[in-house]
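Dear colleague,

I am handing over the structure we talked about, and below it you will find what was found in it. Please keep it open while you read.

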Amino acid sequence: MKVFHTISPLVQYLDEYRGKSKTIGFVPTMGALHAGHISLIEESVRHDDLTVVSIFVNPNQFNNPDDLKRYPRNPDSDIVMCKQAGASVVFMPSVEVIYPEPDKRQFDFGILDKVMEGKFRPGHFNGVAQVVSRLFDIVKPNRAYFGQKDFQQLAIIKRMVWDYSMDVEIIPCPTVRESDGLAMSSRNTLLTPQQRASAPLISKILFEARNKAHSHSVDELLAWVVDSINQDPLLRVEYFSIVNAVTLEEITQWSDAENVVGCIAVNVGAVRLIDNVLF
Ligand code: AMP
């Protein structure tokens, strides 16, 4: 496995590979890798001749400077995990390599980047679009793998690829969970033991909500989920929205959309966790 920190040698290496008509799979991450990331890497290893993993904590997508400062970083163990998962290339650039000059591009994805995470983390998805488009330019992958855990991000990336006619296939991958149901996240390592013990209530309630969905109205279910999670004094729901899984518009009746997803953000002390469930 090769590790690159700068763009030119990586591009040269990938160009030679592309010349041999091999496919390139790409898994962009912010590191502090866990089994969720590894499932994306393994999916690429299964489908592509060469798998590139990027590890870059993108400052432009953090609206909260403390969150950026606290974000977990384990570059050495990340490299070992990528190798074990069968990745061929790791790209670990510095901020200066990705943004030699400030990125002033403004993306507009209509309602997709205005609701839920977009509303509570202003500028977040603009930063995501900046880094992912830049990484796509560098790696020029045939396929790129994204987790459904970040449901809204996935919708926005698909839209960006469509809007800008980017020549890459986006592959959604299912959310990987701990044995107690908590969605894996690099941020889980920041939880205290008490907070960690409370956090699985989030997915437990989401799964119960899925079972209750058709015997309750959308409004009843919205209220029930928020109340049930807030029963735990360590958990504070920031939002729970039940939306059309394609447009991300809120629905008021189950018949409003064919595919419906419930997306949630919960503050657990200073740590913010997100999860979602397909109804
Ligand atoms: P991050 O490092 O948090 O930016 O995540 C990098 C990629 O891994 C994104 O496509 C995420 O959606 C995906 N990912 C993160 N957590 C999980 C998980 N628990 N299951 C599946 N994919 C995940």
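The crossing of helices α7 and α8 is right-handed (a crossing is right-handed if the near helix is turned clockwise from the far one by less than a right angle, and left-handed if anticlockwise). Please bear in mind that this is a predicted model, in which local features need pLDDT of at least 70 and side-chain atom pairs count only at pLDDT 80 or more, while totals for chains, interfaces and linings use all residues. Residues are numbered from 1 along each chain as its sequence is written, and side-chain values use heavy atoms, with hydrogens and water left out.

Helices (H or I, at least four residues) and strands (E, at least two) are DSSP runs numbered from the N terminus. Helix α7 (residues 124-139) packs against helix α8 (residues 151-163) at an angle of about 55 degrees, and their axes are 11 Å apart; axes are lines fitted to C-alpha atoms, for helices over the stretch in contact, and angles run from 0 to 180 degrees between N-to-C directions. That angle makes α7 oblique to α8, since angles under 35 degrees count as roughly parallel, over 145 as roughly antiparallel, 65 to 115 as roughly perpendicular and the rest as oblique.

In the second pair, helix α10 (residues 201-212) and helix α11 (residues 218-230) pack at an angle of about 155 degrees, with axes 10 Å apart, which makes α10 roughly antiparallel to α11. This crossing of α10 and α11 is right-handed, and its contact residues include Ile-205 and Ala-209 of α10 and Trp-224 of α11.

Turning to the loops, Asp-48 lies between α2 (35-47) and β3 (50-55), and Asp-48 is buried, with a relative accessible area of 7% (buried means under 20%, exposed over 50%, partly exposed in between, with a 1.4 Å probe and protein chains only). The side chains of Asp-48 and Arg-143 are joined by a polar contact of 2.8 Å, a term for a pair of N or O atoms within 3.5 Å where, within protein, one must be able to donate a hydrogen and the other to accept it, and where residues adjacent in sequence count only if both atoms are side-chain atoms.

Lys-140, in the loop between α7 and β5 (143-147), has a positive phi of about 45 degrees although it is not a glycine, and at 47% relative accessibility Lys-140 counts as partly exposed.

With kind regards

Note on methods
Contact means heavy atoms within 4.5 Å.
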